[in-house]
Structure formats: C-alpha cells, structure tokens
Amino acid sequence: MRPTLFHLLVQSLLLSLILLVCANATTIPRSRRVLTNLATQFEAIYQFGDSLSDTGNYVREGDGANSAYNKLPYGQTINHPTGRASDGLIMVDYIATYFHLPQLNPYLATGSDFTHGANFAVIGAAANGGFNSLAKQLDWFKTHLTSTFPNPAAIKERLQKSLVLMGEIGGNDFNGPFGEHQTIQEVSKLVPGVVKTIKDSIEEVIGLGATNIVVPGNFPIGCVPLYLVLFATNDTSKYDELNCLKEYNDFSKFYNQQLLQAIQQLQQEHPDVAIVYADYYAALTSVISNPLKLGIEKNGTEKACCGTGDNPYNYGGKSCGSPGSVVCPDPSKRVNWDGVHMTQQGNKGVADQLLKQFVPALEKQLLRRRRKNH
C-alpha cells in the first residue's frame with residue numbers, strides 16, 4: 001500500500017520528534033552527569049573546625065574523656081555517645097553521606113581507617129590561640145599526610161581528589177569575649193585577625209595540593225539560646241521577626257562579609273582552585289524560618305532540648321548531661337540541643353541547606369576548570 005501524503009507527514013513529525021529527543025539526551029544529561037559525578041568524585045574529606053564539626057577528638061585528649069560529651073544523653077538518638085556535641089549526627093556526617101563517603105573518624109582515634117579522610121576539628125577550638133587552634137589542626141593534617149603518603153607528589157594527587165572543609169572555626173574566638181561581656185565594638189576588633197588566620201590556612205592547604213575547598217561562615221549567633229539568655233532584654237526593638245538579637249546577628253554578618261572578601265581575593269589569586277563559601281547564616285536562618293518542613297514543634301527553633309533553664313530558651317541553669325538536667329521527649333522536634341549546639345535534626349536541616357548552596361558553586365568552578373584545561 002503506497003503511503004499517502006498524511007502518512008508521510010506523520011512520519012516526518014515523528015522523525016523530528018526523535019531527533020529532538022536525541023539532541024536533548026546528549027545535552028541535558030551532560031549537566032546532570034556533572035552533578036552526579038561531583039557527588040561521587042571525591043575520594044576523601046578533610047575537616048577542620050570546632051564543636052560543630054568534631055566527631056570525637058576532644059573526648060580523646062586531656063579531660064575530654066570525662067566530659068559530658070562522652071556520656072549519654074549526648075548521642076542518645078544513635079544510642080551511644082561519640083564525642084559529637086549533639087544527640088546524634090552532625091553536619092559533616094550528612095555531607096559525607098551526600099558524597100558517598102563514610103563518616104569521618106577523628107584524627108586522635110589511633111588505628112582508625114582514614115582511607116576516606118580524617119576529622120581534625122576539636123570541641124572548643126578557636127582560630128587563634130588555645131590548645132587546639134587552627135594552626136595545631138593544620139600540624140595534625142600535615143603529620144597525617146606525610147605519614148600516610150610517600151612524597152609531596154602523592155599528597156598533592158590525593159588532595160586534588162579530596163574535599164577540604166575549613167571549619168566552621170572562629171566562633172569561639174568571639175564567644176569567649178562576648179561571654180565576658182565585652183562590647184560588640186571591642187569584639188569586632190578581633191575579626192581581622194580571625195579572617196587572616198583562616199585565609200593563611202587556606203593558602204597552606206592550597207600549597208599542599210588542595211583544589212576543592214569549602215570555607216564556612218558563622219551562624220546568626222543572635223538566634224542561639226546561649227546569646228538569647230546572656231543578652232536578654234525587655235527592649236523589643238532589639239529583636240527581629242525570628243525573635244533573634246539583631247545586634248549580634250549584625251556582628252555575624254559583619255564577620256561573614258570580611259571572610260567572604262578574603263575568599264574572593266584568594267579565588268582571584270588561585271583561579272585553578274575551587275574556593276567556595278558556605279553560608280551558615282543563611283542555612284540556619286532558612287531552617288528556623290521554616291520549622292514545619294523539618295517537623296519542628298512550636299517554639300522548637302529557640303528552646304534547647306537538653307538541660308534546664310528558667311527562661312523561654314531552657315538554658316543557663318543545669319547544663320546538658322549534668323545531674324538533674326532534663327532532656328525533651330523528642331529531640332527531633334527541636335533545632336537546638338544544649339543551648340549552643342544543634343540536635344541531629346537541626347544538623348540535618350542545616351546540612352541540607354549547605355549542600356544546596358555549595359555543591360552548585362563547586363560544580364561551576366569545576367566546569368570552568370575543565371573547560372580551561374581542554
């Protein structure tokens with residue numbers, strides 16, 4: 001039977017449609033393929049920082065083994081304490097899972113498997129000064145690398161296939177002075193020194209061969225129970241729409257702006273290195289602005305779960321883990337765990353927001369690098 005004009009037209013349209021689908025199949029998935037590859041291309045993660053990132057270093061040195069962080073109720077959601085300052089997992093655990101890597105073992109856990117990276121963060125660590133400063137963590141990092149790999153070339157090759165998380169660190173440089181009731185103006189004078197230390201540390205890991213670096217800013221500290229209790233006031237103009245202290249959040253913004261400027265300068269100086277800012281401020285703000293998405297209960301964004309305090313934030317009386325302190329019935333209904341650190345649910349919510357931020361930024365940098373090299 002000879003084809004009619006109608007049949008020929010239908011065949012032509014079908015052929016055009018097939019060609020269009022094929023064309024899209026070779027273009028659209030290409031960008032998706034980059035996304036997929038990024039999630040699986042890192043062989044290791046190296047984490048620096050403080051209590052927001054420590055997976056067990058603090059409890060392995062000095063008196064840390066006898067601290068509350070090494071006992072229940074810390075770790076109760078995962079049925080055992082691990083040295084994490086939470087009821088369960090923390091942000092880096094979720095970041096590692098995204099990149100199809102196991103949870104990072106703490107560097108001080110001698111004999112652990114460090115095949116997929118190591119965690120150098122320590123509870124209480126500051127960028128400048130203190131026993132576990134960023135400089136000390138960098139020394140651990142270099143010792144680890146030189147004892148694991150045979151030469152600088154092997155170290156460089158390893159780091160080029162790794163993700164380096166430079167913190168969060170710097171918060172404790174400010175928490176101490178604020179706790180001593182120094183003014184915001186006084187504490188602001190510390191910001192340039194903290195930023196310089198972090199910048200110099202980034203330069204150092206770049207010198208060793210790192211090419212994929214994420215640099216976190218600070219949280220909106222005015223939303224943290226510690227600050228809400230310490231600087232409580234009857235002046236309602238001091239609070240924003242999220243019931244956070246404006247002045248202390250403005251301090252966090254000031255610090256983050258200075259850090260971001262340093263990152264941008266480093267990026268210009270090292271165009272072949274992906275140096276990405278992780279906006280912790282925006283991430284936590286998003287979580288406490290949309291509590292229902294995480295199943296957080298009413299007032300669950302500002303009230304600590306563990307501990308006892310005679311105030312709306314349940315902080316400042318008996319600390320979490322101390323005799324007589326109380327744990328809320330369901331930590332997954334709260335963002336904050338102990339007045340300073342987040343619950344597992346809070347950590348998950350913030351980590352999800354951070355990944356949405358810095359993964360596309362890393363992809364953009366990596367794509368630009370690949371185009372340049374081809």
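I begin with the second largest pocket, which has a volume of about 160 Å³. This is a predicted model, in which local features need pLDDT of at least 70 and side-chain atom pairs count only at pLDDT 80 or more, while totals for chains, interfaces and linings use all residues. Residues are numbered from 1 along each chain as its sequence is written, and side-chain values use heavy atoms, with hydrogens and water left out.

A word on terms. On a 1 Å grid over the protein atoms alone, a cavity is a set of points where a 1.4 Å probe fits but cannot get out. A pocket is an open set with protein on both sides within 12 Å along at least five of seven lines, and lining residues have an atom within 4 Å of a point. Grid points are joined across faces, edges and corners, and a volume is the space filled by probe spheres set on the points.

Which residues line the second largest pocket? They are Ser286, Val287, Asn290, Lys293, Leu294, Gly349, Asp352, Gln353 and Lys356. Helices (H or I, at least four residues) and strands (E, at least two) are DSSP runs, numbered from the N terminus. By class, this lining has 2 nonpolar, 4 polar and 3 charged residues. Here Ala, Val, Leu, Ile, Met, Phe, Trp, Tyr, Cys and Pro count as nonpolar, Asp, Glu, Lys and Arg as charged, and the others, Gly among them, as polar.

The largest pocket has a volume of about 630 Å³. Of its 38 lining residues, Ser51, Asn175, Leu226, Val340 and His341 lie nearest the centre. The elements giving two or more residues to this lining are α5 (171–179), α8 (225–230) and α10 (280–289). The lining comprises 20 nonpolar, 14 polar and 4 charged residues.

How many cavities of 30 Å³ or more does the structure hold? There are 2.

On the α2 side, Met91, Tyr94, Ile95 and Tyr98 are in contact (heavy atoms within 4.5 Å) with residues of α11, including Val350, Leu354 and Phe358.

Finally, the backbone. Most residues other than glycine have a negative phi, and most peptide bonds are trans. Leu72 and Pro73 are joined by a cis peptide bond, with omega about 15°; Pro73 lies in the loop between β1 (44–48) and α2. His100 is not a glycine, yet has a positive phi of about 60°, and is found in the loop between α2 and β2 (117–119).
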